[in-house]
Each structure stands twice: as C-alpha cells, then as structure tokens.
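Dear colleague,

I am passing on the structure below, together with some notes on what was found in it. Please read them with the structure open beside you.

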Amino acid sequence: MQIGVIGLGRMGGNISRRLMRAGHHCVVFDAKADTRAALAKDGAVDAGSLADLVKTLVDRPRAVWVMLPAGKVTEQTVEQLGALLEPEDIIIDGGNSFYKDDIRRARTLADRRIRYVDCGTSGGVWGIDRGYCMMIGGAKDAVDHLDPIFAALAPGLGDIARTPGRDGADSPAERGYIHAGPPGAGHFVKMVHNGIEYGLMQAYAEGFDILRNKNSNDLPEDERFTLNLADISEVWRRGSVISSWLLDLGAAALVKDPHLERFSGYVEDSGEGRWTVEAAIEEAVPADVLSAALYARFRSRQEHTFGEKMLSAMRFGFGGHIEGREATDPEPKPAQDQPVTSTAAD
C-alpha cells in the first residue's frame, strides 16, 4: 500500500526502507533535502513539503506516518496535517509522544473525522533488519486498515520458541506488534517499556561497575580480582538467566573498547522514563528501581551537585571529615560548636 513518511532520521529512514523492501510505496518528506534525495535513490517519492506529500498520496484513505521527536515539532506537524488531510485519512505518530498528548490529538482530529493512531516503536537503528516491535493505540478500523504496514515492519515469528500455552494460529503479538487499546494506549505501553529499559540498563551498569572495581587498592590484597569484563559479558550471553539484547550490545562494546574510554558517561533521557515515574505516582504504584534508574541518568550529567557539596559541608561540620577541596586547605576547621575529635559517621 501507499504511505507517507515524515521525518527520515535514524528510524524514519529505515522504516521507509523496510516498507519498500516489502513492496509498499513510500512518499517521504524531511526538512533536509539531501536526506529526502537519499531515500529517493532507494525508491521513495521525494515530496518537497507536507502539502506536496499529501497531494502525492493518491490511495484513499491516505496514511501518513510521523517519525519526529516528541514535543513541539510533532505537535506542529500533526496540526498541519490535520488541515491538509480529508475525512477517514489516518495520521500515525510512530515517535515517543506523551500518551496524554495522543488522547488530546485524537479527540481534536476526530472533529474533522481524521483518524489518529499512536504507535510505540522499538527497534532503534537495528530495526531495518531485525524488525520493529510495535505497540499501537487507536480505533480498531484504522489499526486494521494499517495491518499490512505493521506486519511488514514487525520482526515476524523468527526463531523464538512459542510461549507454552499459546496454541493455534500465531497472533500479531507473536509476530511483534499489538493493538494495545484506544488512542494513547500504544504510547503508554511503550512509555512503560522504556521505563523498564532504564532499570535494566542501570542494573547492568552497576553490576559491571562492581566487577570492574574488584581490584581496588582499598580491598585486602588477597580479595582483589582483575576480571575480564568482555569475557564475563560473553559468558552471561550464553545460557544465563540475565541474557538479553541489552547485554549483547554491552558485550559488543566491551570487545571493541574494554575500558569504554570513548564514552563520556553522560546519559540523556528522552522523556519516557520521567513519564513512567509520573504515571506510577498517579497510580500510587511503587516504582523504586525505575525511579532510581532515572535519577542515575540525571546524576550522570553533573560532576558534583550543590546537594553533594551540602553533604560534604555538613559532614565537615559535625565530624571534621576532610574531603574534596577542604583537604587542600592549609588548616581546615570544623564548625566551632562541634568537637574537633568527633568520629561521627553518616
């Protein structure tokens, strides 16, 4: 079938290519002309504007996949498409929009009888070959109409063993995509997926940090081990209960760069982790691990926070603990009303 794709970045471009490999016809738009031209060489039709893209889509109802960063650019694009499209046409937001924004957009577009589908899309830069796991929200008639698109993008059954108890014909879930519910449900499920991803990644990060520091000079000499992290990650990939694709990626990184020297340790968050924690608060659901993983990302972006300096100042005040810059002062002194010989600890 024919589909428009807006946003040809790391995922949007590859989504277009995977669809074309499956025989679908893509009309593409991106703000960068050279990016559009690269997709045109692969068989897509290059549209110079949103209006041109809509005009070029001749199949009815039209379907337009928006693959842009969450926030203002997606909001503006959906709004512009809403003015260009006709009743029964479909807008698919395949990015990582906030699910409450999806609910609002779907309601607004429904006034013009334009259908809105939110599609949480997992697969990253590998999806062009591995396929994309998709969690979809929207009205059933719109989602059913788009099923050939979702089926082409999904990984398919592959060589993963069927879950015991799932008998009969394979379901879309087994092929890598689901209709999760009404507008907003797809991005809500993807949001929690990404929150879990934060927690898994943080668990691996902390575990490997503990392994790496087992040769610390602070430990008794006979308790120090110099461990091969690349080999440990490799053996855990094979039959271990903590094997995963994330571990596969970590193992590959350690083979190329055993000390991870080319990585800064600065870790961004793209919004979904925050929204997951906010949802947990709204639902009064404890989310200790996911919250801690999010805060660890915040921490990665700062050398020393004001809060840590405050901790240091208080420790120095009540116990004379000399650390950081105070250690370089010629005669550091604790607060006057506390004993210099105090051995109090945190």
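Which side chain meets that of Arg 105 in a salt bridge? The partner is Asp 102, at 3.8 Å from N to O, where a salt bridge is a side-chain nitrogen of Lys or Arg within 4 Å of a carboxyl oxygen of Asp or Glu.

Before going further, please note that this is a predicted model, in which local features need pLDDT of at least 70 and side-chain atom pairs count only at pLDDT 80 or more, while totals for chains, interfaces and linings use all residues. Residues are numbered from 1 along each chain as its sequence is written, and side-chain values use heavy atoms, with hydrogens and water left out.

Arg 105 and Asp 102 both belong to helix α5 (residues 99–110), where they sit three residues apart, about one turn of the helix; helices (H or I, at least four residues) and strands (E, at least two) are DSSP runs, numbered from the N terminus. Both Arg 105 and Asp 102 are buried, a word that here means under 20% relative accessible area, with exposed meaning over 50% and partly exposed in between (1.4 Å probe, protein chains only).

By the rule above, the count comes to 24 salt bridges. One of them joins the side chains of Arg 62 and Asp 89, at 3.0 Å from N to O. This pair links distant parts of the chain, since Arg 62 lies in the loop between α3 (50–56) and β4 (63–66) and Asp 89 in the loop between α4 (72–84) and β5 (90–93), 27 residues apart. Arg 62 and Asp 89 are both buried.

Another salt bridge brings together the side chains of Arg 238 and Glu 234, at 2.6 Å from N to O. Here Arg 238 counts as exposed because its relative accessibility is 59%, and Glu 234, at 25%, is partly exposed. Elsewhere, salt bridges that share partners join Glu 75, Asp 93, Asp 101, Asp 102, Arg 104 and Arg 105 into one network.

Helix α1 (residues 12–21) has eight of its 10 residues buried, so it is largely enclosed by the rest of the structure. Among the buried residues of α1 are Ile 15, Leu 19 and Met 20. Just after α1, Gly 23 takes a positive phi of about 95°.

Lastly, the loop between β6 (115–122) and α6 (127–130) holds Val 125, which counts as partly exposed because its relative accessibility is 47%.

With kind regards
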